[in-house]
Amino acid sequence: MKIKILTLFPGMCEAVLGESIIGRARAQGLVDVSAVNIRDYTRDKHRRADDAPYGGGYGMVMQAQPIADCFRALCGEWGVRPHFIYLSPQGKPLTQKRCLELSGMSRLALLCGHYEGVDERVLEALVDEEISIGDYVLTGGELPALVLADSIIRLLPGVLPADAVFAAESHYNGLLEHPQYTRPAVWEGRAVPEVLLNGHHALQEQWRREQSLQRTREKRPEMLEES
């Protein structure tokens, strides 16, 4: 899979993409993910990629031309048009189901808005979908783009040790994940549940399932109603 993040602040993205599991997947060639600077495609001699909004208002708006030229250059580089996503608080909420669907695509381009957003004509002409990571507003789309990239890359073959690693995680199967414990067996008077120490795998699986149901019922009951 190839993922390109279109941004005004590529350094912000690269600092994250080179670390931890994503960094290792990248180094092993399991995913080709990087950021490109939209400013490199502006025709303004001062490298400006934004301007004041028509009709007045606060802040600046990212211009259509640099974004469009950046995206079209990427299409030419890859020889195919990638699925183009704009990270926006107005988009559809990101779900584990959508992450799984996107992980099956070969090419993704993620657009990071900034300031007051991007010229609407970019969305009309080029963007395939808008995705939101929550009902709140950030200073830019870089963090949401990294969240989306992370959630997709970890589902790719070979990135995690086995499918079972994420199959039991929260939201993957419609439930929240069961509690997790590690050494020591007793910490500050709190003991690990005995069932996890007895070596009886069938009972442990039953306990995990029951705990997932209980945790979902207590913390996110609407998930059970939706399933």
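**Salt bridges, aromatic contacts and backbone features**

Glu205 is partly exposed, with a relative accessible area of 49%. The structure described here is a predicted model. In this model, Glu205 forms a salt bridge with Arg208, and the closest N and O atoms of the two side chains are 2.8 Å apart. Both residues belong to helix α8, which covers residues 201–219; because Glu205 and Arg208 are 3 residues apart in this helix, about one helical turn separates them. Arg208 has a relative accessibility of 24% and therefore counts as partly exposed. Elsewhere, salt bridges with shared partners connect Lys97, Arg98, Glu101 and Glu129 in one network.

Glu101 and Lys97 meet through their side chains in a salt bridge, with an N to O distance of 2.7 Å. Helix α4, spanning residues 96–102, contains both Glu101 and Lys97, which are 4 residues apart, or about one turn of the helix. Glu101 also takes part in a salt bridge with Arg98, in which the closest N and O atoms are 2.8 Å apart. Arg98 and Glu101 likewise both lie in helix α4, where a spacing of 3 residues again corresponds to about one turn. The accessibility of these residues was also computed. Lys97 is exposed, at a relative accessible area of 60%. Glu101, at 34% relative accessibility, counts as partly exposed, and Arg98 is placed in the partly exposed class by its value of 21%. In total, the structure holds 12 salt bridges. In general terms, side chains of opposite charge can pair when their charged atoms come close.

A search of the whole structure finds 1 aromatic pair. The pair consists of Phe71 and Phe84, whose ring centres are 4.1 Å apart and whose planes are at 10°, so the pair is stacked. Phe71 lies in helix α3 (residues 64–78) and Phe84 in strand β5 (residues 83–93); the contact therefore ties together parts that are 13 residues apart in sequence.

Arg183 and Pro184 are joined by a cis peptide bond, with omega at about 5°. Pro184 is located in the loop between α7 (163–167) and β8 (186–187). Positive phi values in residues other than glycine include that of Arg47, where phi is near 65°. Arg47 is situated in the loop between β2 (32–37) and β3 (50–51), and its relative accessibility of 37% makes Arg47 partly exposed. Glu188 likewise has a positive phi, near 50°, although this residue is not a glycine. Glu188 is found in the loop between β8 and β9 (190–191). With a relative accessibility of 65%, Glu188 counts as exposed.

Technical notes: Residues are numbered from 1 along each chain as its sequence is written. This is a predicted model: local features need pLDDT of at least 70, side-chain atom pairs count only at pLDDT 80 or more; totals for chains, interfaces and linings use all residues. Side-chain values use heavy atoms; hydrogens and water are left out. Helices (H or I, at least four residues) and strands (E, at least two) are DSSP runs, numbered from the N terminus. Buried means under 20% relative accessible area, exposed over 50%, partly exposed in between (1.4 Å probe, protein chains only). A salt bridge is a side-chain nitrogen of Lys or Arg within 4 Å of a carboxyl oxygen of Asp or Glu. Rings of Phe, Tyr and Trp (its six-membered ring) pair if their centres lie within 6.5 Å; planes under 30 degrees apart count as stacked, over 60 as edge-to-face and the rest as tilted.
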